[in-house]
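Open the structure in your viewer and keep the selection tool at hand. This tour moves from stop to stop.

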Amino acid sequence: MMLTFVAAAVQLAPAPGPLTAQSVKANLDACVDHTRRCVEATGAELVVLPEAATTGFTPACRPRSCGTWSARVPGPVTAPVAELARELAIHVVLGTYERGPARGTVYNTAVLLGPEGTVLGAYRKTHLFCGEDRPGGGWVTPGDEAVVVDTVLAKIGLIICFDGDYPELSRIEAVRGAEVICRPSALLRSADIWELTNRARAYDNHVYVVAANATGADPAGVLYFGNSMIVTPVAEVVARGSSHQGWVSARLDPGTALASLTPGSSVPQRFDHLADRNLALIERHLDDLRRPAATPFPHGRRSL
């Protein structure tokens, strides 16, 4: 059973480019410092850091050189945050680029570190943003597995940024029992899209969403707007960040998560988006869900 606990989303600005060993260390130092101060201020037991927090999302270097700034998981990049998680007895979601087993393979990974300083789970981003993927001239290989981790706090699902646009992934994690979905991000679209997708994924699946977005500029000079947020299972934004570095926090309470139809309403919640699925419909249209498709509307594809 999910416990009542405080969760926090920490938003950070990457160290300015070019990307070096020193800037990666500076980013890790910032992750550790902000997480420590966040926990001291809020008592958070789960802290979510942004996507690619160790480097910034767009690293501004040739794909062939990616191996020099990515690292194995667990490894030297996760070690400082893992040690802090152990010291504070907390859970931390860290976004980083992971060096894969094959030469030149890099994954965009969200690592869940537990209160003993160990890796409880690692999710490799499955939906890559335009220009991030290797066929598009980028540096990342997509993952192919949904991840839900059973922790002492809750069953925690992991998605990364653009994954939030794809309802199937969050639904799979909810069906697998996720009660909280963490979304480390470095979002390159509008604040409206950011809020829409966070609230929709929370409401679709009756889960809490803890979404941490980057702010500032990364090594490629790409700008991010922060606005990290925490959303309840009835799509209420109960914590919202601004555009500068910092954090937001909220108490996640399973006992009140679905207490009313909408926040503050006297009308009780009577439906369940998971239990009420029409499974016969899904079974009938499984081939449609598997079939390749594309929008009928003209649009351009370009790299970042």
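**Stop one: a helix on a sheet**

Select L196: it is exposed, with a relative accessible area of 53%. (Exposed means over 50% relative accessible area, buried under 20%, partly exposed in between, with a 1.4 Å probe and protein chains only.) This is a predicted model, where local features need pLDDT of at least 70, side-chain atom pairs count only at pLDDT 80 or more, and totals for chains, interfaces and linings use all residues. Residues are numbered from 1 along each chain as its sequence is written, and side-chain values use heavy atoms, with hydrogens and water left out.

L196 belongs to helix α4. Helices (H or I, at least four residues) and strands (E, at least two) are DSSP runs, numbered from the N terminus. L196 and A235 lie 39 residues apart in sequence and 9.5 Å apart in space, C-alpha to C-alpha.

Next, show the open sheet of six strands in the order β6-β7-β8-β9-β12-β13, with mixed pairing. Two strands pair if DSSP finds at least two bridges between them. Strands β6 (148–150) and β13 (237–240) stand at the edges with a single partner strand each, so one side of each has no neighbour in the sheet. On average, neighbouring strands here are turned by 15° against each other, direction ignored. Helix α4 (residues 191–205) packs on this sheet and touches β8, β9 (208–213), β12 (229–231) and β13. Its direction makes about 155° with that of β9. (Contact means heavy atoms within 4.5 Å; axes are lines fitted to C-alpha atoms, for helices over the stretch in contact, and angles run from 0 to 180 degrees between N-to-C directions.)

Zoom in on β7 (residues 155–158) and β8 (residues 180–185): they pair in the parallel sense over three bridges. There, I156 stands opposite V180 in β8.

**Stop two: the other sheet**

Select the strands β5-β4-β3-β2-β1-β14, which form an open sheet in that order with mixed pairing. At its edges stand β5 (119–124) and β14, each with a single partner strand, so one side of each is left without a neighbour in the sheet. The twist averages 25° from one strand to the next.

Strands β1 (residues 5–11) and β14 pair in the antiparallel sense over seven bridges. V10 stands opposite W247 in β14. Which residues of β14 are on its covered face? They are G246, V248, A250 and L252, while W247, S249 and R251 are on the uncovered one. In a regular strand the side chains alternate between the two faces of the sheet.

Strand β4 (residues 106–113) pairs with β5 in the antiparallel sense over five bridges. L113 has V119 of β5 as its bridge partner.

**Stop three: loops**

Select K125, in the loop between β5 and β6. Is K125 buried or exposed? It counts as buried, at 1% relative accessibility. Its contacts, neighbours within four places in sequence aside, include E51, F57, E132 and D163.

Two cis peptide bonds come next. One runs from G17 to P18, with omega near 0°. Another joins V73 and P74, with omega about -5°.

Finish at N227, in the loop between β11 (223–225) and β12. Its phi is near 65°, a positive value in a residue other than glycine. N227 is buried, with a relative accessible area of 11%.
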